[in-house]
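Trainee: Could you walk me through how to read helix packing and side-chain burial in a model like this one?

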Amino acid sequence: MIIVIVPFFVLLAILLIKKIPYIGGNITAGLLIAGFLALLMGGIYNPLSWLTAWISGIDRIAWVMALTIFGSIYAETQVKMGTMDTVINVFRGWFGHSPRGLVVCILLSLVVAGSLLGDAVAASTVIGVLCIKSLAEMKLNGEQIACTIVMGASLGSIMPPVTQAIFLSASLVGINPDPVTNIAFFTVGAAVIICCAYVAYGFVKIKALPENLLPQETVGQILKKNWTVLIPLGILVFIILLRLIFKIDLITICMAPLLNFLAGIPILKGLTNLIVASIIVVTLISFCYPSIRKEAGSVLIRGIKNVKGSIFVQSSAGLMLGAFYTAGQIEAVKNFAMGLNANLLKIGGTTALSALGMLTGSQSTAQNTIFSFFGPTLVEMGLDPVHVALAGSHIAASGQGMPPADLTTFVICGLVGGILGIKVDPVKTMIYNLPMCLILLLIGFLFLYI
């Protein structure tokens, strides 16, 4: 086990000890160094073997990287077209006639934004800033405003169709993500309902909305004026529901020759993932709109620029994963874990996965470091890989939102404080956010026993 322990603790040290010169706290550096150290300790010294291991690791998560890139470009098209503004206004037309209804409307809008963008920070900054003053006028304090925005965006970021946490978990245990995302619609949906009730009844104290917050148009009027911008989103939802409910896969029917060709090419086969392919299709449809065509270059550049950091981290994680598989670390962990009590492994792995999410403020870091061992080990012990993947995504996401280091909370607290001219405590905001985190933690842990 020494070949596992040394790279793992070196990785943790780099991630958590910010005072290490040049590399302290740098996730990319930590993953790269841990990967190279794993190869050396596994007796692999040939640089060509290192390259092969890296390609193998990236190949394992290629579709996650493809989803990150094309999901971001798709998100840029939807923001530019005004899709999210329309969604917000539709929710306001339905629910926004009372203070509690308006809060639910805002939270649901953030969930939708997060599910389209696949990123809590992006959803909370793009949509959340539009809601800050409205929430302040309903007498919510700064921490409650920030919590509402963070909670909605965070839940949305793990809600299909664009859900990096679930796709990464599925990739790390080596399964198709479709059955995992099918279950996630219900698990995350249940968490959304509970959190809507928590925010509506826990934060809202006023009895009636100020006149300026009442919706000025009916849902019918909003849709009549803006229905065209909802077409790409509607097509994406239609494709997913058709596959989910009726088992009819339009993407495979229409693109089978191209998908079969790409499936035989390492790394590029990530484009054959059906969610990725669906997003590429609706992105191309979005580029048919004049408002997107006119700024096609800037949309593409912004989309790629927004996820540049994530791609560096994921490619570094690919090296580490490839190294761990090639040099024998994964096999060593499996052999060690097979001798442990199953309950001890589940409790210990859950604690480690959640704790690293808490300390780094990153669900993907926790998954790439802890779940890359934890997930395959549980599958090797006979657990359903679909349930294991779902558990890994929910537990890592729960840890990310807990004190003391949630990045999304720090970003939004700064925005809320700046817009309203008040001081917003990020740690207090994270404490307000604990019910959502505990719900996700409980759901994930329960799926380890189903």
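Trainee: At what angle do helix α11 and helix α22 pack?

Mentor: Before that, some ground rules: this is a predicted model, where local features need pLDDT of at least 70, side-chain atom pairs count only at pLDDT 80 or more, and totals for chains, interfaces and linings use all residues. Residues are numbered from 1 along each chain as its sequence is written, and side-chain values use heavy atoms, with hydrogens and water left out. Helices are DSSP runs of H or I with at least four residues, numbered from the N terminus. Axes are lines fitted to C-alpha atoms over the stretch in contact, with angles from 0 to 180 degrees between N-to-C directions. Here, α11 (residues 178-203) and α22 (residues 385-401) pack at about 50°, their axes 9 Å apart. That makes the pair oblique (under 35 degrees is roughly parallel, over 145 roughly antiparallel, 65 to 115 roughly perpendicular, and the rest oblique).

Trainee: Is the crossing of α11 and α22 left-handed or right-handed?

Mentor: Look at how the near helix is turned from the far one: anticlockwise by less than a right angle is left-handed, clockwise is right-handed. The α11 and α22 crossing is right-handed.

Trainee: Which residues of α11 and α22 meet?

Mentor: Contact means heavy atoms within 4.5 Å. On the α11 side you'll find Pro-179, Val-180, Ile-183, Ala-184, Thr-187 and Val-188, facing Val-386, His-387, Ala-389, Leu-390 and His-394 of α22. By class, that's 8 nonpolar, 3 polar and no charged residues (Ala, Val, Leu, Ile, Met, Phe, Trp, Tyr, Cys and Pro count as nonpolar, Asp, Glu, Lys and Arg as charged, the others, Gly among them, as polar).

Trainee: And how do α9 and α23 cross?

Mentor: Helix α9 (residues 142-157) and helix α23 (residues 407-420) cross at roughly 135°, with axes that come within 9 Å. They are therefore oblique to each other, and their crossing is right-handed. Residues in the contact include Ile-145 and Ile-149 of α9 and Ile-412 and Val-416 of α23.

Trainee: Now burial: is Gln-78 buried or exposed?

Mentor: Under 20% relative accessible area is buried, over 50% exposed, and in between partly exposed (1.4 Å probe, protein chains only). Gln-78, in helix α4 (residues 62-81), is at 1% relative accessibility, so Gln-78 counts as buried. By contrast, Gln-221 of helix α12 (residues 219-226) has 44% and counts as partly exposed.

Note on methods:
Helix = DSSP H or I, 4+ residues; strand = E, 2+ residues; numbered from the N terminus.
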